[in-house]
Amino acid sequence: MRLGTFPLTWKHAIIVPIHKPGKQANSPTSYRPISLLPTLYQFGFKKQHSTCHQIQRISEIIVHGFENKKYTIAVFLDLTQAFDKVWHHGLEIKLKALNLPMYLLKTITSFITDRTFQVRIDTNLSLQHKIKSGVPQGSVLGPTLFNIYCHDIPNPSNSQLTMFADDTTILTQDSVLNLSIEKLQSSLNEITSWLKKWKLKLNPTKSEAKIFTLKRYNDPINISINNQIIQWNRKDDSVKYLGVFLDEKLTWNIHINKKLTQGYARIRILYPLVN
């Protein structure tokens, strides 16, 4: 089965479905739609901003908790199809609230509205359908518009909110474990309400919570999203965030071992070529 679209104009760009690793190949939900736009609109990464800066920021918060003998509770949230769920009307409201020059507001509004798509399976082509939400992934404006859309997300006073594109993390700290978890639940409720208002959705089954501490503790109380319990990451396990594996005591042992395993596997593949 072959999925795709036909390019017509910049309002009707070709979309290449990239298969998600480990997902069923015959399911449309197993593909990530990436827009192939003209070179003028293509973009890779934002200059002088990388995942390393975000990892460093979170690590410093956790280490600060170690130094002050506190528990650091973090929940790593999974936004369901975040870039594809940006509500066009809601984005227009936020753009207008920023008092952008009229010419710029009209240009951006034109860019996101009246877009269409078609799906092709082998030689069969569907009818055109209007795209009512989402920013084109692969475009220069995509990440910027998503950041504008999320610029007023609440930052609760009893926690720290960190975002790297749609990878969102909430962290709380306290010398008492249950108090830290209660702070996290309160902040999570506030952010969940904001996401619901602006038509963004969390996926509780893919979200994960982790306790970072040098202290001992018993089984923690549950936290939830819309009454659905979030899974706690095990003490002896690590949580993967932006390609880095974070363990309970931030020793980096799990991350280093996993990367060594990957490296050895690639060496074995290359060995017949270099020997």
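**Close-up views: nonpolar cores, ring pairs and charges over rings**

**View 1. The largest nonpolar core.** Of its 40 residues, Ile-73, Leu-91, Leu-145 and Ile-170 touch the most other members. A nonpolar core is a set of buried Ala, Val, Leu, Ile, Met, Phe, Trp, Tyr and Cys residues joined through side-chain atoms within 4.5 Å. Buried means under 20% relative accessible area, exposed over 50%, and partly exposed in between (1.4 Å probe, protein chains only). Two or more residues of this core come from each of β3 (71-77), α2 (88-97), α3 (102-112), α4 (141-149), α5 (177-197) and β10 (208-212). Helix α5 gives the largest share, seven residues. Helices (H or I, at least four residues) and strands (E, at least two) are DSSP runs, numbered from the N terminus. The model is predicted: local features need pLDDT of at least 70, side-chain atom pairs count only at pLDDT 80 or more, and totals for chains, interfaces and linings use all residues. Residues are numbered from 1 along each chain as its sequence is written, and side-chain values use heavy atoms, with hydrogens and water left out.

View 2. Neighbours within four places in sequence are left aside here; Leu-91 is then in contact (heavy atoms within 4.5 Å) with Val-86, Ile-112, Val-135, Leu-145, Ile-148 and Tyr-149.

**View 3. An edge-to-face pair, Tyr-71 and Tyr-217.** The structure holds five aromatic pairs. Rings of Phe, Tyr and Trp (its six-membered ring) pair if their centres lie within 6.5 Å; planes under 30 degrees apart count as stacked, over 60 as edge-to-face and the rest as tilted. Here the centres are 6.3 Å apart and the planes stand at 85 degrees. Tyr-71 is in strand β3 and Tyr-217 in the loop between β10 and β11 (224-225), 146 residues apart. Tyr-71 is buried at 8% relative accessibility. Tyr-217 is buried too, at 11%.

**View 4. A stacked pair, Phe-83 and Phe-146.** The centre-to-centre distance is 4.6 Å, with 10 degrees between the planes. Phe-83 lies in the loop between β3 and α2 and Phe-146 in helix α4, so the pair ties together parts 63 residues apart in sequence. Phe-83 is buried, with a relative accessible area of 13%; for Phe-146, also buried, the value is 1%.

**View 5. A ring cluster and charges over rings.** Ring pairs link Trp-87, Tyr-149 and Trp-198 into a cluster. A charge sits over a ring if NZ of Lys or CZ of Arg is within 6 Å of the ring centre and within 35 degrees of the ring normal. The charged end of Arg-115 sits over the ring of Phe-111, 5.3 Å from its centre. The charged end of Lys-258 sits over the ring of Phe-245, 5.0 Å from its centre.
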